Amino acid sequence: MTRVAVVRFPGSNCDFDALRAAQRAGADAYFVWHRDNDLDRADAVILPGGFAYGDYLRAGAIARFSPVMDAVAAHAEAGGPVLGICNGFQVLCEAGLLPGALMRNAGQRFVSRPVDVRIEGVETPFTASYEKGAIIRVPIAHGEGRYVATEAVVRELEADRRVILRYLENPNGSIGNIAGIVNRGGNVVGMMPHPERAADPLVGASAGHGVFASMMTSLERLKQGIA
Amino acid sequence: MGRYLIDVRVMPRERLLDPQGNAVHHALAALGFDEVAEVRIGKSLSLAVDAPDAASAAERANVMCERLLANPVTEDYVVVVEGEA
């Protein structure tokens, strides 16, 4: 059984959605509390959305020092798949597992609505089952989703094709319409949109299911030793 | 050993858009304060730090900024020792 750890910080609020989306894709998904320093033999880790530690100081700034983050970093270092959604993306950036940072939306307002994003990278464990160039509609819900990074980092991301999700219409002022990226190792993914909120026809949208289906397929391949 | 009061000022990096500052700038203009050319909003943290002297208190505060208080990608910071508590 494929084991997927969903990390819960105080203030996480998309944890159940992430758990359910992973389970729906067939994973043995379970919660890991932020104080645990063990991922309990996870094959993949999801850092869900929310407002860990109330976004005090900066979104993700305190959460990155949670004991569980050492285990997440070790898992990532070993090549294990990690997905950060929204606040989880902010935590991964603060932790230095992904480059750049997420700042206050250019329009100053919290934006909560479905948006269209293009899948530009299909070589990650969380996008592999999509067709390159596919456009999916998924919800965003954030006040601090404006992706920023140094020019050198943005150049590198673009040159290495590590921008994996891009907004068709920029909702927050992100540089290059960036909605999601992957690390150099190709195993740590961060995205502002919420695929877990659109992963079941029951809620009227299922375009995000592919993220979790991709995860399952990729983990299966990893297990079989097919890179 | 003394206790030093330290003001850490964290500001969004100069060339980065500061939507909060812009909104306040517009509000000031609406109130008739046309003389305001720019507003930028950051945060100020007051720390009481135990250290042998002011210089080492400031040095520790700088390390705190590097590790936690400021984001090296988006923010600049200034550490000012305001005096002994």
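Me: Which residues of helix α1 (residues 15-24) of chain A are buried?
Reply: In this predicted model, buried means under 20% relative accessible area, with exposed over 50% and partly exposed in between (1.4 Å probe, protein chains only). Helices (H or I, at least four residues) and strands (E, at least two) are DSSP runs, numbered from the N terminus. The buried residues of α1(A) are Asp15(A), Ala18(A), Leu19(A), Ala21(A) and Ala22(A).

Me: Within what arc do the buried residues of α1(A) fall?
Reply: The arc is that of the directions from the helix axis to the C-beta atoms. Seen down the axis of α1(A), the buried residues line one face of the helix, because they fall within an arc of 165°.

Me: What is included in the cover over the buried residues of α1(A)?
Reply: Contact means heavy atoms within 4.5 Å, and side-chain values leave out hydrogens and water. Local features need pLDDT of at least 70, while side-chain atom pairs count only at pLDDT 80 or more. The cover includes, in chain A, β1 (3-8), β2 (28-33), β3 (44-47) and α5 (209-223).

Me: How many bridges join strand β6 (residues 111-119) of chain A to β7(A)?
Reply: The strands β6(A) and β7(A) run antiparallel, and Val115(A) stands opposite Val138(A) in β7(A). The number of bridges joining β6(A) to β7(A) is 8.

Me: At what angle do α1(A) and α5(A) pack?
Reply: Axes are lines fitted to C-alpha atoms, for helices over the stretch in contact, and angles run from 0 to 180 degrees between N-to-C directions. In the contact, Ala18(A), Ala21(A), Ala22(A) and Arg24(A) of α1(A) meet His209(A), Phe212(A) and Met215(A) of α5(A). The axes of α1(A) and α5(A) are 9 Å apart, and the packing angle is about 55°.

Me: What is the relative accessible area of Val189(A)?
Reply: The place of Val189(A) is in strand β11 of chain A, where this residue touches, among others, Val82(A), Leu83(A) and Phe126(A). The C-alpha atoms of Val189(A) and Phe126(A) are separated by 7.4 Å, although the two residues are 63 residues apart along the chain. Val189(A) is buried, with a relative accessible area of 0%.

Key. Residues numbered from 1 in each chain as written. Chains lettered and ligands numbered in written order. Pairing = 2+ DSSP bridges. Lists of a residue's contacts leave out its neighbours within four places in sequence.
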